[in-house]
Structure formats: C-alpha cells, structure tokens
Amino acid sequence: MSLRILIVEDEMTIALLLEDMVSDLGHEPAGLAMRLPQALQMAETERLDLAILDVNLDGRLSFPVAEILERRGVPFLFATGYGSGGIEAPYRDRVVIRKPFSLEDLGKAIDRVAA
Amino acid sequence: MSADAGPDAPVPSPDFPHGGGDLGALIRAFDWSTTGLGPIVGWPQSLKTVTNTLLLSPVPIVLLWGEDGVMIYNDAYSVFAGRRHPRLLGSKVREGWPEVADFNDHVMKVGLGGGTLAYKDQELTLNRHGGPEQVWMNLDYSPVPDESGRPAGVIAIVIETSERMRAERRQEEALDRVRQSEARFRALVNATSDVVYRMSADWLEMKALDGRGFLSDTETPSIRWMDEYLFPEDQAAIWGAISDAIEARGVFQLEHRVRQADGAAGWTSSRAIPLMGAGGEIVEWFGAASDITARREAEQHLRLVINELNHRVKNNLAMTQAVAAQTFRNAGSITDAQHSLSSRISALAQANDLLTGARGAAVSMTGVLDQATRPHYPSPERRRIEGPDFSLSPKTALSMSLAMHELSTNALKYGAWSGQDGVVEICWSIYPPERGGPERLKLVWTEHGGPRVAEPSRRGFGTRLIERGLAAEMGGVVQMRFEPEGLVCVIDAPLTVYAEEGAA
C-alpha cells in the first residue's frame with residue numbers, strides 16, 4: 001500500500017535522499033519541511049499517512065510536530081544522528097532510525113510504524 | 001665483755017659483727033690488718049656501732065672510714081656494687097671507684113670537715129659490670145664522729161634511681177616523638193589545600209571539618225552534617241559507601257557531589273581512614289577531601305563535546321551517503337559519477353571549514369559565495385560578486401554552499417566558464433515585499449559570454465538540489481532558466497538574518 005509520507009529533515013542532501021528513498025519504497029513524499037514552523041504547518045494541514053521526523057531542526061526540537069501528528073492519529077518515526085537518548089520522554093518507545101541509515105532500515109521502520 | 005678490758009688484753013672478735021648477712025660474714029672473715037683500720041679488735045666502738053647499724057639496714061649504705069675512706073658496706077650495697085664486690089670491701093674509696101675518684105675526694109673532704117651532702121638523681125658513669133654505665137643515684141652523705149666527737153668517717157646512703165630515670169627518659173622521648181609527630185601532622189594539615197574532617201566511629205556525628213573556603217567549617221560536633229554538606233538526592237548512595245567502609249573497617253573513598261560554602265553544587269574526592277583504639281575498635285574516622293569541581297566540569301564538558309562530535313560525524317556520513325546515492329542515481333557513467341562525487345565531497349569538506357568555528361557561529365553571505373565558487377572559476381575577473389553582506393545560519397550556509405558548488409561545476413562544464421570569455425555574475429539585494437511583511441532576499445546567478453544554452457533533457461541531482469533543496473531550505477522559490485545567452489538562476493526567499501546564539 002502506498003503511503004503519503006511527510007519528510008521533516010533540516011539537512012538538504014539528506015532530505016532529498018529521503019524523498020528518493022520514500023519513492024523507491026513505493027510511497028509518495030507528501031512534502032518536505034526543513035524548519036520547525038514549516039513542519040508544524042504541514043503536520044497540521046497536509047493529508048498524511050505517516051511522517052519521518054528529524055529530531056533537531058536547525059537547533060529547534062521537532063517534538064511539537066510529533067504532538068500534532070499524535071493528535072491527528074498520524075503514525076511517525078524519528079530519524080536522528082543522536083542516539084535514542086535524544087528523544088523526549090513521551091516518545092521514548094517510538095521507532096527511531098539512526099543516521100546514516102539504509103533503504104532497508106527505512107523500509108522496515110515505515111512498515112513497523114504503519115502496521 | 002668487762003668494762004675494763006683494755007687494748008693490752010686482746011680478745012679475738014670472731015663474733016663481730018653479729019649477723020649482718022653475707023657482708024657480716026665477709027667482714028668477720030676479712031683480714032683488716034691489711035687496711036688502715038687494723039684488726040677488728042682494735043676498732044673504736046664508734047666504728048663498730050656504725051658498722052653494725054648499716055649491716056642491719058635494707059637500704060644500700062657504705063661507710064667510708066678514715067682519711068682514705070676505707071669501705072665497709074652492707075648486702076644491699078653489694079648488689080649496687082655489681083662485680084666490684086667483694087674486692088670493694090676494705091678498699092680505699094678513691095681506688096675502689098677510680099672512675100669517680102674526684103667526686104669521692106670531694107665527698108671525703110666535706111664529710112670529714114663535718115659537712116653533709118645530698119644529691120638527687122645524680123648522674124654518674126660507673127664501671128660495675130665490665131663496661132661504663134650511665135647511672136643515676138640519690139646520694140646522702142653524713143659525717144660519722146669517733147669517740148672524740150670529731151668526724152672520722154662518712155656514711156653514705158646510696159639509692160639507685162637509674163631504673164626510674166631511664167623510664168622517665170623513655171617516657172620523655174616517647175612524648176617528644178608524639179610532639180614531633182603532632183607537629184608534622186599540624187604542618188601537613190596546614191600545608192594541604194584539602195578539606196580535613198573527623199567523624200565519629202559510626203559516622204552519625206561529624207566531630208570537625210576544616211572547609212578551606214571550599215566547604216563551610218564545622219567547629220563543634222554536629223549530627224546534621226549530611227544535610228549541611230550533601231544534597232538530599234545524593235545522601236543514600238554516599239551513605240551506602242560509608243556503611244561499606246564501616247563494615248569492612250577499611251578505607252572510605254568516593255567521588256561525590258557536595259554543597260559548597262557558597263551553596264552551589266561542587267564535586268569532591270573524599271578519603272577517610274578508621275583510627276583504631278587499643279582494643280581494635282574504631283575510635284573515629286579521619287578524612288581528607290579535595291575540590292575536584294573544575295575537573296568534573298571539564299570532564300562533563302568533554303563528554304558533551306564528544307557526543308556532539310559523534311553526532312556531527314554521523315550527520316556528515318549521512319550527508320555523504322545522501323550525496324553519493326544521488327550522484328550515482330543520476331550519473332551518465334561511472335566515470336562521471338566518480339568525478340562528480342569526489343568534487344561534491346570536496347565541496348562538502350570546504351563548506352564544513354566554514355562551519356568549524358564555534359557551534360552556532362554565523363557565516364557571512366559573501367564568504368559563502370566566494371568560497372564555494374573560487375575553486376571553479378578560470379580567473380577572478382570572470383566572476384562578479386555583489387550584494388550587501390549579512391549573516392547566515394550554519395545550516396543555510398551549508399546548503400547555499402552546496403548549491404553554489406553545483407552551479408559552478410555546471411558553468412565550468414557547460415556554461416560561461418567552459419569557454420574563453422564567459423562571465424558569471426552573482427548579485428543579490430534585500431527588498432521589502434509589496435504586501436508588507438519581513439524583508440526578502442533576491443539572488444540572481446547570471447551567466448553570459450558562454451556557448452549557447454539549451455534546456456537539458458533531464459534534471460540532474462545538481463538541478464534538483466538547487467531548485468528543490470535550496471528552495472525548501474530557504475523557504476522560498478528557486479528557479480533555473482536555461483536561456484540561450486546563459487543560465488539564469490533566481491533565488492527569492494524571506495531574509496533570515498542569523499542572530500548568533502546568546503546574542504540579544
């Protein structure tokens with residue numbers, strides 16, 4: 001099943017790679033947000049099946065985005081260069097993939113979250 | 001014995017002296033004719049009386065009779081005389097004790113002159129047991145008058161105090177060592193910058209603590225020391241280590257947090273040893289604690305730096321992975337891909353140089369554009385850079401730098417820098433939007449003088465990076481127009497002037 005996936009990632013090259021990977025996995029990139037205000041807005045308004053969240057967006061944490069997605073019932077996963085120690089308490093048990101990650105890592109993580 | 005018995009009626013006196021122990025027997029058997037005293041039968045009554053008296057005394061007594069001080073003594077004195085006895089009996093005192101002849105000479109002169117002498121703990125060196133020996137004695141000398149009432153001898157009561165004096169001396173030396181040890185201890189305590197403390201055997205009471213300015217002092221015993229020096233959340237763990245030390249009767253050693261004299265949290269390395277009593281029981285604990293706050297802070301800072309470095313390395317690898325993946329995805333050939341990849345990794349590395357200042361340091365717009373295009377232009381006059389400088393966030397600077405790298409390599413391969421004369425102009429301005437709101441940045445990359453340009457049949461990674469990536473990065477619009485005279489790239493985005501962290 002093809003999912004509409006929001007990509008929140010502040011590093012340009014990685015954001016583009018995520019778009020490619022999402023497409024390669026048979027899903028549809030629903031949008032690309034590289035800064036927190038943009039991410040908050042897209043999380044609120046876009047039609048989404050799933051979201052991939054970078055934790056640190058140019059110095060600002062993306063947990064408010066997770067809060068909106070939670071409220072809307074949109075599943076999400078975190079992608080971070082920090083360990084899971086960088087994840088705030090309410091989201092500690094969520095799926096986290098550590099950068100750099102492979103296409104397979106991302107595919108498995110998306111399947112787990114979407115299940 | 002009759003009252004009128006005279007010298008011309010010599011009566012042997014095997015009965016004199018009566019009794020008197022070993023010395024009584026020796027005196028009876030001694031041939032006194034070899035001495036100035038002559039045979040006992042001729043002794044004046046005064047001499048006999050004194051001799052009998054001293055023989056009955058349990059105290060060491062010696063009688064020195066006549067000018068020569070001929071010696072008569074009792075059992076107790078023979079013990080004192082050591083190996084000098086029995087030769088000492090009947091000898092002249094100056095010859096019997098040659099090592100103290102001068103001393104005895106003085107005694108004889110004073111005594112026979114009718115005077116008395118008393119010495120307390122008199123120190124003498126005697127040769128009683130085959131070698132010189134330091135001894136102490138209480139000596140009392142009194143004259144003994146003969147029948148005429150004139151002093152004819154000197155009686156000496158000799159009480160050796162060597163043992164007591166040695167004991168006293170040992171005690172004094174021991175005390176001296178204790179005093180020296182105490183002085184060294186005081187010096188150590190004063191010399192060290194460590195906090196020094198004393199605890200009761202069970203650690204419930206702090207007896208004293210000298211805080212050295214690091215911690216507050218405790219001068220009188222306190223059972224509230226835990227709350228005074230330790231934060232509530234640390235107390236259980238520290239008490240655990242203390243209990244272990246008490247149980248093991250061993251050293252307490254721990255690095256832990258403390259409340260400093262100024263109330264702030266600090267770190268200390270604390271070490272205490274139990275002091276044992278005579279019965280092996282712990283009497284108290286003595287400890288020293290050094291201030292390791294600065295070291296702990298440095299360690300903590302280093303950990304943060306290492307974590308951050310680890311993160312940055314991961315991030316850089318993720319970016320390299322992203323660039324590599326997309327380079328290969330869009331490459332015409334492996335050779336092309338190799339070339340593009342290594343050039344892009346160089347661009348990433350150079351952009352990183354811009355960012356290696358302190359984290360959050362701003363980077364200038366002009367600096368980014370210059371640094372990203374400089375490696376590619378054929379000569380400086382074929383690149384024009386013009387616009388008002390402002391600060392970019394490190395993140396935006398990196399994206400801008402990569403986009404400029406892509407535009408530059410494209411110009412070098414296909415555009416203005418591929419021929420002999422082409423020029424690239426990079427001009428930007430800041431303008432207020434027509435409908436109000438925040439100021440905007442407009443940057444135009446214009447190429448002229450190169451070969452005629454045609455719209456490429458497909459968009460490569462570079463184009464995508466610029467049009468899609470940079471646009472998302474800057475929250476604006478980026479447009480590439482492949483006009484016949486040369487490529488034009490227009491970036492139009494809200495101006496985000498980066499304020500350095502911590503700046504007002």
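This is a predicted model: local features need pLDDT of at least 70, side-chain atom pairs count only at pLDDT 80 or more; totals for chains, interfaces and linings use all residues.
How many bridges join strand S15 of chain B to strand S17 of chain B, and in which direction do the two run?

Okay, the answer. Seven bridges join S15(B), residues 440–448, to S17(B), residues 486–494, and the two strands run antiparallel. If you want to find the pairing on screen, B:Leu443 has B:Ile491 as its bridge partner in S17(B), and B:Leu441 stands opposite B:Ala493. S15(B) also pairs with strand S14 of chain B, residues 423–431, antiparallel again, over nine bridges. There you can look for B:Val424, which stands opposite B:Glu447 in S15(B).

Now zoom out to the sheet. Five strands of chain B make an open sheet in the order S12-S14-S15-S17-S16, with mixed pairing. S12(B), residues 383–386, and S16(B), residues 477–483, stand at the edges with a single partner strand each, so one side of each has no neighbour in the sheet. On average, neighbouring strands here are turned by 10° against each other, ignoring direction.

Back to S15(B), and to its side chains. In a regular strand, side chains alternate between the two faces of the sheet. S15(B) shows that: B:Leu441, B:Leu443, B:Trp445 and B:Glu447 point to one face and are buried.

Which helix lies across S16 and S17 of chain B? That's H13(B), residues 461–474, running at about 155° to S16(B).

Let's stay in chain B for one more pair of helices. H11(B), residues 365–373, and H12(B), residues 394–413, have axes that come within 8 Å and cross at roughly 35°. The crossing is right-handed. H11(B) brings B:Val368, B:Leu369, B:Gln371, B:Ala372 and B:Thr373 to the contact. From H12(B) you get B:Ala397, B:Met400, B:Ser401, B:Met404, B:His405 and B:Ser408. By class, that contact has six nonpolar residues, five polar and no charged.

H12(B) itself is worth a look. 18 of its 20 residues are buried, so H12(B) is largely enclosed by the rest of the structure. Its length checks out too: at 1.5 Å a residue, the 20 residues should span 28 Å, and the end C-alpha atoms are 28 Å apart. For chain B as a whole, buried residues make up 26% of the 504. The chain has 13 helices and 17 strands.

On to chain A. What is the strand order in its open five-stranded sheet? It goes S2-S1-S3-S6-S7, and the pairing is parallel. S2(A), residues 28–33, and S7(A), residues 96–98, are the edge strands, each with a single partner, so one side of each is left without a neighbour in the sheet. Neighbouring strands in this sheet are turned by 20° on average, direction ignored.

S1(A), residues 4–8, is joined to S3(A), residues 50–54, by four bridges, running parallel. A:Ile7 stands opposite A:Ile52, and A:Ile5 has A:Leu50 as its bridge partner. H2(A), residues 36–45, touches S1, S2 and S3 of chain A, and its direction makes about 145° with that of S2(A). H3(A), residues 63–72, touches S1, S3 and S6 of chain A, at about 165° to S3(A).

S3(A) also pairs with S6(A), parallel, over four bridges, and A:Asp54 stands opposite A:Ala79 there. So is S3(A) covered on one face or both? Both: A:Leu50, A:Ile52 and A:Asp54 are buried on one side, and A:Ala51 and A:Leu53 are buried on the other. That's five of five residues buried, so S3(A) is largely enclosed by the rest of the structure.

Last stop, where the chains meet. The contact takes 18 residues from chain A and 24 from chain B. On the chain A side, helix H1(A), residues 12–24, gives the largest share, seven residues. By class, that side has nine nonpolar, three polar and six charged residues.

That's my tour; over to you.

Definitions and conventions
Residues are numbered from 1 along each chain as its sequence is written. Chains are lettered from A and ligands numbered from 1 in the order in which they are written. Two residues are in contact if their C-beta atoms, placed from the backbone, lie within 7 Å. Ala, Val, Leu, Ile, Met, Phe, Trp, Tyr, Cys and Pro count as nonpolar, Asp, Glu, Lys and Arg as charged, and the others, Gly among them, as polar. Two strands pair if DSSP finds at least two bridges between them. Axes are lines fitted to C-alpha atoms, for helices over the stretch in contact, and angles run from 0 to 180 degrees between N-to-C directions. A crossing is left-handed if the near helix is turned anticlockwise from the far one by less than a right angle, and right-handed if clockwise. A residue is buried if 20 or more other C-beta atoms lie within 10 Å of its own, exposed if 12 or fewer, and partly exposed in between; C-beta atoms are placed from the backbone. The expected span of a helix is 1.5 Å times one less than its number of residues.
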